[in-house]
Amino acid sequence: MVETPHFLDTTGLNCPLPVLKAKKAMKALKEGERLKVHATDPASTIDFRHFCDVSGYLLENMRETDGLFEYIIVKQATT
């Protein structure tokens, strides 16, 4: 069973604020926990992919519906 993700609303914010707020939120999570982020900045798709690649987090899901972008990010174990 997948745990309910923590939630972060960054709607109305532009680059780089959604990723900066997500970075801060991820620090508070334990390994295996998920963060669901809502954003409205179209550039956030590029920003969140890069953020996860650089940080070692798993971008588990990404979708867009009527201009609302939703990301599910999983905090993975650091090596």
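**Close-ups of a predicted model**

View 1. With a relative accessible area of 12%, Glu70 counts as buried. In this predicted model, Glu70 pairs up with Arg63 in a salt bridge, where the closest N and O atoms sit 3.2 Å apart. Arg63 itself is partly exposed, at 48% relative accessible area. Glu70 also turns up among the residues that Val37 touches.

**View 2. Arg34 and Glu60, a salt bridge between strands.** Here the two side chains meet with N to O at 2.8 Å. Arg34 belongs to strand 2 and Glu60 to strand 3 (residues 58–65), so this pair ties together parts 26 residues apart in sequence. Arg34 is buried, at 15% relative accessible area, while Glu60 is partly exposed, at 38%. Searching the whole structure turns up two salt bridges.

**View 3. Val37 and the largest nonpolar core.** This core has 15 residues, and Val37, Phe48, Phe51 and Ile73 have the most contacts inside it. Helix 1 (17–27), strand 2 (34–39), helix 2 (44–55) and strand 4 (68–74) each give it two or more residues. Leaving aside residues up to four places away in sequence, Val37 touches a list of residues including Leu8, Ala22, Phe48, Phe69, Tyr71 and Ile73.

View 4. A search of the whole structure comes back with zero disulfides. Cys52 is buried at 3% relative accessibility, whereas Cys15 is partly exposed at 44%.

Terms used
Residues are numbered from 1 along each chain as its sequence is written. This is a predicted model: local features need pLDDT of at least 70, side-chain atom pairs count only at pLDDT 80 or more; totals for chains, interfaces and linings use all residues. Side-chain values use heavy atoms; hydrogens and water are left out. A nonpolar core is a set of buried Ala, Val, Leu, Ile, Met, Phe, Trp, Tyr and Cys residues joined through side-chain atoms within 4.5 Å. Buried means under 20% relative accessible area, exposed over 50%, partly exposed in between (1.4 Å probe, protein chains only). Helices (H or I, at least four residues) and strands (E, at least two) are DSSP runs, numbered from the N terminus. Contact means heavy atoms within 4.5 Å. A disulfide is a pair of cysteine sulfur atoms within 2.5 Å. A salt bridge is a side-chain nitrogen of Lys or Arg within 4 Å of a carboxyl oxygen of Asp or Glu.
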